[in-house]
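Reader: Mind walking me through how the labels on this one were assigned? I'd like the cut-offs alongside the values.

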Amino acid sequence: MSTVPTISQSRSPNDNAAKVLKAQWERYRNAYTPVENQLAGSIGEDLTRPAMAQTQAANERSNAANARMKSRYGLADISGAPVAANQQRASALATSDAYNTANLAQIDRNQNIRTSLTDVGQQLVGQATGGLVNSAGMASSRNQAYEAQKASADQAQDAQQTQMLATAAMAAMMFM
């Protein structure tokens with residue numbers, strides 16, 4: 001998907017954390033932004049038209065099947081107006097039901113896309129910054145421990161040199 005960028009090291013943990021954060025942002029931007037843009041672009045697509053077309057086609061097939069069945073048995077509507085009115089009401093009801101169902105499904109889909117994109121972005125930012133804060137804190141602790149050990153070593157070396165000078169001075173006094 002993407003390659004891991006090389007990051008130049010610095011003595012400052014904060015600089016290293018900033019470099020890593022910037023590299024993570026670039027990786028996120030290159031890998032996920034096109035997907036986010038595609039999903040966000042699909043919000044508002046009219047998904048109700050295919051549902052309406054399918055419902056109308058189903059109504060036409062049902063009416064044609066009903067007419068074939070009647071003609072097969074030689075039946076004719078004596079009172080055609082009430083039957084036709086009932087078929088029209090059933091067709092209108094099925095069409096409006098299909099439209100409402102498709103419309104609600106589209107609203108849910110759009111809301112889920114928005115929520116998912118927001119959640120993914122927030123989780124990635126939280127993970128990246130949380131790890132960087134921990135990393136910077138550990139690097140800072142290492143630097144402090146190093147400086148403390150260095151000061152301790154310098155102090156021990158100074159004490160050793162002082163003791164050697166004192167020993168040399170005592171030896172010189174003994175031979176005088």
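**Labels and their cut-offs**

Author: Let's start with S141, which is found in helix α3 (residues 80-174). This is a predicted model, where local features need pLDDT of at least 70, side-chain atom pairs count only at pLDDT 80 or more, and totals for chains, interfaces and linings use all residues. Residues are numbered from 1 along each chain as its sequence is written, and side-chain values use heavy atoms, with hydrogens and water left out.

Reader: Why is S141 called partly exposed?

Author: Buried means under 20% relative accessible area and exposed over 50%, with partly exposed in between (1.4 Å probe, protein chains only). S141 has 42%, so partly exposed it is. Its C-alpha atom is 9.7 Å from that of P13, 128 residues away along the chain.

Reader: And why is M69 partly exposed?

Author: M69, found in helix α2 (residues 48-73), has a relative accessible area of 41%, so the label is again partly exposed.

Reader: How much of the chain is buried?

Author: Buried residues make up 14% of the 176 residues.

Reader: What share of contacts joins residues at least 24 apart?

Author: Taking contact as heavy atoms within 4.5 Å, 77% of the contacts between residues at least 6 apart in sequence do that.

Definitions and conventions. Helices (H or I, at least four residues) and strands (E, at least two) are DSSP runs, numbered from the N terminus.
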